Amino acid sequence: MEMEMRSMEDTEIATDMTPSLVPLTFSLHHSNLHTHCSSCFSLLPLSPIPITPFLYCSPPCSAAHPFLLHHPAVSHSSDLRAALLLLSHHRPSVTSSRVAGLLSNRHKLTCHNNSDEDEVSERISSGVRALATAITELRGELEPDDAVLEEAECALCAVLTNAVEVQDKEGRALGIAVYGPAFSWINHSCSPNACYRFILSPSSSSSSQESKLRIAPSSFREEEEQNQGYGPRLIVRSIKRIKKGQEITIAYTDLLQSKAMRQLDLWSKYRFICCCMRCSVVPFTYVDHALQEISVSGCDFTSSSSSYNLVRDTAERRLNDSVDDIISEYLMAGDPEPCCEKLEKILMQGLCDELDNVEETPHYKFMLHPLHYLSLNAYTTLASAYKVRASDILSTTSTIYQNQLEAFDMSRTSAAYSLLLATTAHHLFNSESSLIASLANFWTGAGESLLYLARSSEWSKFFKSSLVASSVSKVKCSKCSLMDTFRAYICNGKIRNDDFENASNEFLDCISHDSTQKVWSFLVNGCRFLRSIKDPMDSGWLVSTSNSRATDPGALAKKKSEVCYLHESGNSIQTCEEQTCNENARVHIFELGVHCLAYGGLLAAICYGHHSHLASYVEQILDDKNNLIL
Ligand SMILES: C[S@@+](CC[C@H](N)C(=O)[O-])C[C@H]1O[C@@H](n2cnc3c(N)ncnc32)[C@H](O)[C@@H]1O
């Protein structure tokens with residue numbers, strides 16, 4: 001019987017729906033064994049408590065000793081270590097499809113029909129053999145028999161079906177954890193109404209501030225889970241209004257992928273085909289249409305013909321491979337410059353090559369829509385790559401004027417890409433509110449990059465004095481109440497749906513009509529692709545196809561830059577006419593940055609709680625005068 005969880009009461013957005021839950025089993029990834037506590041996953045203190053081969057942050061964590069059960073046969077894999085620990089408390093019955101109440105899905109996971117599935121089931125069988133060896137030796141027996149092999153398979157498949165990746169405050173993967181039914185019976189949806197967060201600290205006692213359990217299985221009422229024990233704890237939280245009796249759902253995969261990518265990911269990890277509302281609706285939702293839209297030029301087929309679909313699918317695969325290759329090469333070689341060049345070339349010119357397997361296709365051109373998931377990946381990578389380029393230049397040649405100027409240019413291009421990522425994702429969020437968690441990160445990232453740029457000490461070197469604000473800018477905006485809403489929420493932990501909607505509308509009004517337009521032409525001056533976007537807050541450019549916009553260099557060359565540099569020639573940045581200069585670029589960048597940060601902090605508090613790392617981090621930046629005074 002398939003299990004699911006339902007809300008026991010009408011629930012507002014931003015409500016904790018469970019107390020903190022402790023895991024049934026958990027394990028750090030191998031690479032974190034020397035840096036994090038093997039029990040609660042917190043960062044290790046200077047003198048951790050060693051219990052071979054693991055390290056613990058405190059006596060309570062070391063006393064838990066879950067890993068005394070360790071065996072070298074399972075040392076290379078967090079899944080196997082977690083399965084071994086699960087078996088120490090729960091011996092699965094071979095006649096049941098569940099272990100400790102959790103679905104094992106072993107028949108689906110070990111069945112295979114094609115070579116990809118062969119690979120997964122082969123990995124499971126070698127894991128099962130290693131696990132069975134460990135169990136047999138730890139029990140003092142000689143050879144694993146069939147019963148032990150079955151036990152091992154049930155436990156490993158239960159881990160693969162129910163484990164979640166535990167992340168630290170910065171979103172880095174630390175290890176995995178498997179929770180009891182209160183969490184593990186929650187199904188996936190591509191438009192979920194809940195999310196979850198982790199608490200990584202040694203304490204295991206419940207606090208009076210903890211939420212009660214507001215969710216229950218549909219078929220019978222489980223005993224409330226005890227929040228005692230060890231390991232990284234987890235809290236489920238609503239990200240939408242939820243009615244009593246409505247099913248609670250979370251995301252098992254990245255919601256900013258196309259439908260095909262989500263389906264592929266869910267099938268390869270869990271072997272199910274998602275039939276949620278977002279996946280079932282015909283035609284595709286606006287968001288799913290945009291996330292996979294590719295425009296084709298030079299093609300006579302109608303967009304519904306099978307030849308067109310074949311060409312389009314081939315183009316999608318090639319674009320996907322190209323973007324993946326560029327990003328992987330950057331991550332491996334660490335050289336951001338070719339990565340920026342190649343990604344911008346794809347964003348501006350798309351793919352022009354002839355395609356495999358398609359006859360008579362000499363000159364097609366395929367462009368990614370600006371909201372295509374590959375475009376969003378490209379903006380994310382470009383924001384980070386330009387930031388790295390700026391700091392690389394400054395770390396090696398920081399005294400040469402020309403290089404400082406180039407580094408400044410890289411920083412503002414990085415800020416422009418961060419802002420573009422936030423505005424494009426916001427456009428999607430307007431139609432798909434479950435994207436709120438990604439949006440919290442994107443607006444916070446944009447705010448940080450803009451403030452970093454506004455605080456740069458280089459301004460007075462490169463710009464005429466009229467461009468360099470001398471006044472101290474205020475954090476509080478006279479036109480909107482976003483900052484008050486954010487601070488009130490951080491202080492009392494309460495926000496109503498209406499307050500959130502008001503704050504969102506005010507924020508968008510404020511930055512649409514004012515700040516963004518004032519700074520955009522300044523931010524994008526050094527980047528040909530970004531210069532082709534007039535106003536990232538104006539969704540008009542997102543709706544039109546990108547061909548004409550991005551492939552008309554003549555039009556770009558004619559466009560006048562609005563930036564005024566002190567130097568005249570001999571560098572990569574174009575000089576412009578003084579009368580078109582934006583006098584207060586720096587102040588506007590600062591103000592836009594503060595708005596983006598406060599909005600990102602508000603979204604983070606909604607998704608992860610008002611004391612969450614991201615919300616507190618934003619509060620800290622906004623409170624720190626050193627971070628804000630220009
Ligand atoms: C963590 S469990 C969720 C609870 C599960 N329904 C149960 O009965 O225990 C994950 C498994 O539930 C099933 N599942 C979760 N979400 C689903 C969905 N949207 N559609 C179909 N099956 C789903 C899949 O078998 C998946 O491997």
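This is a predicted model: local features need pLDDT of at least 70, side-chain atom pairs count only at pLDDT 80 or more; totals for chains, interfaces and linings use all residues.
## The chain as a whole

Zooming out, the protein chain has 630 residues, and 44% of them count as buried. If you take the contacts between residues at least 6 apart in sequence, 75% of them join residues at least 24 apart.

The chain is split into domain 1 (1-255) and domain 2 (416-628). Where the two meet, 14 residues of domain 1 are in contact with 15 residues of domain 2. On the domain 1 side, the touching residues come out as six nonpolar, one polar and seven charged.

## The largest nonpolar core

Now for the nonpolar residues. The largest nonpolar core has 174 residues, and the members that touch the most others in it are Leu86, Leu131, Ala155 and Leu156. Which helix supplies the largest share of this core? Helix α22 (residues 585-608) does, with 17 residues. Both domain 1 (1-255) and domain 2 (416-628) give residues to this core, so it lies between them.

Setting aside residues up to four places away in sequence, Leu156 touches Asp79, Leu80, Ala83, Ile124, Gly127, Val128 and Leu131. One of those partners, Leu131, is itself among the core members that touch the most others.

## Strand β8 and its partners

Strand β8 (residues 173-179) is mostly covered, with six of its seven residues buried. It pairs with strand β2 (residues 23-28) in an antiparallel arrangement held by five bridges. In that pairing, Pro23 sits opposite Tyr179 of β8. Strand β2 is mostly covered too, with six of its six residues buried.

Strand β7 (residues 164-167) also runs antiparallel to β8, this time over four bridges. Here Glu165 has Ile176 of β8 as its bridge partner. The β7 and β8 hairpin has five residues between the strands, and in it Gly171 takes a positive phi near 85 degrees.

## Cys339 in its helix

Cys339 belongs to helix α11 (residues 336-349). Is Cys339 buried or exposed? It has 25 other C-beta atoms within 10 Å, and the cut-off for a buried residue is 20 or more, so Cys339 is buried.

Leaving out neighbours within four places in sequence, Cys339 contacts Ile326, Tyr330, Thr381 and Ala385. Of these, Ile326 is 13 residues away from Cys339 along the chain, and the C-alpha atoms of the two are separated by 5.9 Å.

Ala14 is not a glycine, yet its phi is positive, at about 65 degrees. Ala14 lies in the loop between β1 (5-7) and β2. Because there are 25 C-beta neighbours inside 10 Å, Ala14 counts as buried. Asn105 likewise has a positive phi, near 60 degrees, in a residue other than glycine. You'll find Asn105 in the loop between β6 (102-103) and α3 (106-110). Why does Asn105 count as partly exposed? The 19 C-beta neighbours inside 10 Å are the reason, since a buried residue needs 20 or more.

Finally, there is a cis peptide bond, which runs from Val282 to Pro283 and has an omega near -10 degrees. Pro283 is in the loop between α8 (277-280) and α9 (286-291).

Technical notes: Residues are numbered from 1 along each chain as its sequence is written. A nonpolar core is a set of buried Ala, Val, Leu, Ile, Met, Phe, Trp, Tyr and Cys residues joined through C-beta atoms within 7 Å. A residue is buried if 20 or more other C-beta atoms lie within 10 Å of its own, exposed if 12 or fewer, and partly exposed in between; C-beta atoms are placed from the backbone. Helices (H or I, at least four residues) and strands (E, at least two) are DSSP runs, numbered from the N terminus. Domain bounds come from an automatic or database domain assignment. Two residues are in contact if their C-beta atoms, placed from the backbone, lie within 7 Å. Two strands pair if DSSP finds at least two bridges between them. Ala, Val, Leu, Ile, Met, Phe, Trp, Tyr, Cys and Pro count as nonpolar, Asp, Glu, Lys and Arg as charged, and the others, Gly among them, as polar.
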